[in-house]
Amino acid sequence: MVPAALVEALRAAKRVMFFTGAGVSAESGLPTFRDAQTGLWANYKPQDLATPEAFARDPEMVWRWYQWRRRVHADVAPNPAHHAIAAFEARLPESVLVTQNVDRLHELAGSPAPIHLHGSVFRNKCASCGVAMPEVPHDLETPPRCEVCGGLCRPDVVWFGEGLPQDEWKTALAAAERAEIVLSIGTSATVHPAARIPLVAREAGALVVQVNPEVTPFDRIALNLRGPAGVVLPDLLSRL
Ligand code: BJW
Ligand code: ZN
């Protein structure tokens with residue numbers, strides 16, 4: 001149930017931020033980060049694979065996990081939640097989309113410039129010198145070597161214990177401080193510092209609206225729209 005006051009606030013707002021997590025891509029068929037894994041990877045916890053320590057210990061295994069995920073990601077399409085966000089953005093010229101997702105579904109839905117706080121599974125970089133490396137076929141079983149320093153290729157995503165890309169982080173923080181409304185969609189709100197973004201906005205006076213079928217730590221600061229993003233967001237959009 002969407003409160004009429006929220007519809008009014010969205011109609012009047014100029015600066016709206018969309019802050020998304022893995023739940024926004026769930027209805028496209030991508031497992032959320034904390035969902036159980038399937039097939040070959042059922043016995044591994046993503047939290048234990050997405051670390052620099054795991055890559056240092058067994059680079060081929062971590063590389064193969066990302067190659068598998070790239071194949072899964074390459075096969076999915078945006079869902080009504082991604083399309084609704086892109087449609088909101090087209091109506092609200094000062095809106096900003098900040099995503100923790102490493103997929104490209106916002107881009108495929110037509111969002112012009114999502115800010116990726118945790119990188120992209122489709123980009124590569126050298127694990128030693130950090131230089132950008134080209135995409136490679138998703139069935140290549142071993143990580144290529146860097147032409148500059150001979151280091152190993154890794155996905156250009158942010159692992160636990162690593163810093164976020166500074167330009168993206170600063171842009172997202174500045175936008176949070178200015179936002180009138182933040183819609184936090186499909187995130188467990190447990191991974192920091194990204195989860196600070198809606199909190200910063202709230203402290204600066206923004207209304208935080210959460211779209212999630214489950215309870216999260218944002219429940220206490222947000223107006224909660226309980227349900228799948230692919231249902232709630234098109235409904236909200238249709239009322240504007
Ligand atoms: C639906 C739905 C539907 C389902 N519709 N919704 C403060 C306190 C405690 C710990 C820390 C802290 N500060 C830092 C830390 C440590 C750590 C951290 O946060 N740990 C916590 C888990 C305890 N953070 C870090 O290590 C960060 N780095 C750092 O702090 O560095 C310090 C440093 C500074 C300077 C120099 C050097 C170092 C980095 C964090 C990077 C996170 N990376 C990952 C992996 C990316 C690559 C990959 O995918 O493999 O990013 S982890 C993973 O979590 C991924 C996600 O982007 C991120 C957030 O997850 P998300 O999106 O919320 O997904 P889920 O699965 O958690 O939740 C899905 C939600 O959707 C659920 O709520 C469902 O209910 C919902 N849902 N269906 C709507 N249809
Ligand atoms: Zn290198």
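Me: Is Ala189 buried or exposed, and by what criterion?

Reply: This is a predicted model. The relative accessibility of Ala189 is 7%, so this residue counts as buried, the cut-off being under 20%.

Me: Where is Ala189 placed, and what is its phi?

Reply: As a general idea, most residues other than glycine have a negative phi, and most peptide bonds are trans. Ala189 has a positive phi, near 60°, although the residue is not a glycine. Ala189 is found in the loop between S7 and H8.

Me: Which peptide bond is cis, with omega near 5°?

Reply: That bond runs from His192 to Pro193. Pro193 belongs to the loop that lies between strand S7 (181-185) and helix H8 (196-203).

Me: Let us turn to the cores. How many residues has the largest nonpolar core, and which have the most contacts inside it?

Reply: A nonpolar core joins buried residues through side-chain atoms within 4.5 Å. The largest one here has 25 residues, and Val16, Phe18, Leu183, Ile185, Leu233 and Leu236 have the most contacts inside it. At least two residues each come from helix H1 (4-12), strand S1 (16-20), helix H5 (80-91), S7, strand S8 (207-211) and helix H9 (229-238). H9 gives the most, with five residues.

Me: What does Phe18 touch, leaving aside residues up to four places away in sequence?

Reply: Its contacts include Ile85, Phe88, Leu97, Val98, Leu183 and Ile185. A second, separate core has 24 residues, among them Ile115, Trp169, Ala175 and Ala206.

Definitions and conventions
Residues are numbered from 1 along each chain as its sequence is written. Chains are lettered from A and ligands numbered from 1 in the order in which they are written. This is a predicted model: local features need pLDDT of at least 70, side-chain atom pairs count only at pLDDT 80 or more; totals for chains, interfaces and linings use all residues. Side-chain values use heavy atoms; hydrogens and water are left out. Helices (H or I, at least four residues) and strands (E, at least two) are DSSP runs, numbered from the N terminus. Buried means under 20% relative accessible area, exposed over 50%, partly exposed in between (1.4 Å probe, protein chains only). Contact means heavy atoms within 4.5 Å.
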